[in-house]
Amino acid sequence: MSDIIRLLPDHVANQIAAGEVVQRPASVVKELLENAIDAGASQITLIIKDAGKTVIQVIDNGKGMSMTDARMAFERHATSKITNANDLFNLHTKGFRGEALASVAAIAHVTLKTCREEDDLGTILEIEGSKVTNQEPVVTPKGTMISVRNLFFNVPARRKFLKSDNVELRNITDEFHRVAMAHPQVGLKFTSNDTELFNLPISNYRQRIVNIMGAKTNEKLVPVEEETELVTITGFVGKPEFARKTKGLQYFFVNDRFIKHNYLHHAVTSAFDGLLKDKNNPTYFLFLDVPKDSVDINIHPTKTEVKFDDEHSLYAIVRASVKHALGQFSINAIDFDKEPQYEVPYEYTKKNSSSPKIEVNPDFNPFSSNNSSSRKETPSYSKPAPQAWESLYAGLEDSSELIDETEETSMSPSLFEDDHASRNIFQLQRKFIISTLKSGMLVIHQNRAHERILYEQLLKHITVQRGTSQQLLFPLRLNLPVDEVAILTQLQEQLEQTGFIFKTLENNLVEIDGLPIQLKEKDVPQVLEAVIRDSELDLPEESFSQSDRLAATMARGMAIKSGESMSQEAMEHLVDELFACKECELTAQGKKVFINITGDSLNLKFN
Ligand code: ADP
Ligand code: MG
């Protein structure tokens, strides 16, 4: 009998090895983003189609590759990042195995365009299933563009086991978040099926987290800082009252690399001891910097576990610094000098504290038989007589809060030219509100301004304080596809927080008995449709951004449209409410709400 052992052909070996590195589209995304970071890019764009099953493209402005290196990059174990085993203990890059590009090229159609600063011409290289089909010089911007199409085209079994687009997109988004959080000094964009999901400007850690997780996150973060010989810890933990049952927002980064670590997770959880309800999970974003030779990340290409030299000390330091941060925070919670933007939730910034009034009637004589007049004069608190319309409002207790909030103008009116009564304010083209200021004038986009106001109100209702419902005399019935009803049911809790009251009658019939007070009945179908449509865009399920998105979507549907005329009173009210907002300059989508034209800039125009 002849010998039977043979070496596998390269492309088969590559395919098998690829299975280790590339398990799903998200693995490709991670590898490509990390390569771009390693190349020193300051701007990275990720574009995917069909949850990465059709296209994954990453464009960076990093250092690029020479023509030879471009070819070499796709060889197995080809890397520019380490040269010997000792380098493994002094890693300053994400990659070092030299396996990713070879693996990706074994199971997809890959196009690479790259150019270095010092070269006039770049290189285009095309590879299909490990075979180079084209390589030539090309004019291309400095940096690297790599596009991976038809992932697993030659491994049908793998392709078949990919999950739904929703699930794969969520995995990709998770990877994107991890890279983005660890590298706030890099601008990142992410587009999926032509929709821009994230556009993250260069910023600091806090701002980056907020940009990813939603504006509402900012006030939930407590800074953690600790510097020891063993480790430097920076980052944030979520305030205990925002902890949730669901897991999700728990991020450890070690030397800018996302990791999972059960032992350290325990350290954080135990620092929250006694501060969390039931089985609530703490939120944390912690960045650990440790000496490069004290951590071993060389375990597995796709694993996020690492090994530290001195885990016990690390545990103690992490626990102590989180405890310290939480302690500081609870002291600061009653420190009124604190910068409000960072520390105080909406509800507290908006409420005016007023001391109870005590009025004394000096004429009152308890011994006089005729004290009816004095009783009349005593302006004691009187509850308004119940009226029929009152029954139309459920949860009326809350409405006093609501009125407080709408009547308040937190930005000092002195910003405006004169006092309230004589403020110059008018509508232009049924689209803009012009308001004169001492320093010039404001041009306010009426639709966007209202959207901003509603967004903040709704977000507050969803997250901290249930909104008032307006009960419908005649319930609305909506016939919807079964899957859309399922989405509404899934969002029921949050929708009810905004003021909706509804129930499902049959699996495709929804009956609405109450609406958020700001929502007009005629807008209901359109708003719910938008809520359903947007919720299909995938986002990590448990992130703050879900409430954020619901608020943004509803606000968009409910806001006054361009083309609607507004009364003087309505405009004044809108302007006041706008400047009582936390972030009045931008819509939830980051669009400009108003422009400020100063007298000086007008003077310039007349020169
Ligand atoms: P590793 O990152 O482990 O070195 P990869 O297979 O991911 O292995 O990449 C191989 C090599 O290709 C890298 O070492 C690097 O030199 C080069 N390379 C990959 N992507 C880029 C990029 N976006 N810009 C510049 N060089 C890159
Ligand atoms: Mg790499």
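Which strand is leucine 221 found in? It sits in β9, the strand that covers residues 221-227. Keep in mind as you look around that this is a predicted model.

Let's stay with leucine 221 for a moment. What does leucine 221 touch once its neighbours within four places in sequence are left aside? The list is Arg206, Ile209, Val210, Phe236, Val237, Lys239 and Phe285. Take arginine 206 from that list: this residue is 15 residues away from leucine 221 along the chain, and the two C-alpha atoms are separated by 8.5 Å.

Now for some loops. Threonine 140 lies in the loop between β5 and β6, with β6 running over residues 143-149. Is threonine 140 buried or exposed? It is buried, because its relative accessible area of 13% falls under the 20% cut-off. Not counting residues up to four places away in sequence, threonine 140 is in contact with Lys113, Thr114, Cys115 and Gly122.

Serine 130 has a phi near 70°, which is positive even though the residue is not a glycine. You'll find serine 130 between β4 (122-128) and β5 (131-138). Glutamine 429 isn't a glycine either, and its phi is also positive, at about 55°. Its loop links β17 (425-428) and β18 (432-436).

| Residue | Relative accessible area | Class |
|---|---|---|
| Threonine 140 | 13% | buried |
| Serine 130 | 26% | partly exposed |
| Glutamine 429 | 65% | exposed |

Finally, let's turn to a pair of helices. Two packed helices are described by the angle between their axes and the distance between the axes. How do the axes of α15 (residues 482-490) and α17 (residues 524-536) cross? They come within 10 Å of each other and cross at roughly 90°. That angle lies in the 65 to 115 degree range, so α15 is roughly perpendicular to α17. On the α15 side, Glu484, Ile487 and Leu488 take part in the contact, and they meet Leu528, Ile532, Ser535 and Glu536 of α17. Sorted by class, this contact has 4 nonpolar, 1 polar and 2 charged residues.

Methods
Residues are numbered from 1 along each chain as its sequence is written. Chains are lettered from A and ligands numbered from 1 in the order in which they are written. This is a predicted model: local features need pLDDT of at least 70, side-chain atom pairs count only at pLDDT 80 or more; totals for chains, interfaces and linings use all residues. Side-chain values use heavy atoms; hydrogens and water are left out. Helices (H or I, at least four residues) and strands (E, at least two) are DSSP runs, numbered from the N terminus. Buried means under 20% relative accessible area, exposed over 50%, partly exposed in between (1.4 Å probe, protein chains only). Contact means heavy atoms within 4.5 Å. Axes are lines fitted to C-alpha atoms, for helices over the stretch in contact, and angles run from 0 to 180 degrees between N-to-C directions. Angles under 35 degrees count as roughly parallel, over 145 as roughly antiparallel, 65 to 115 as roughly perpendicular and the rest as oblique. Ala, Val, Leu, Ile, Met, Phe, Trp, Tyr, Cys and Pro count as nonpolar, Asp, Glu, Lys and Arg as charged, and the others, Gly among them, as polar.
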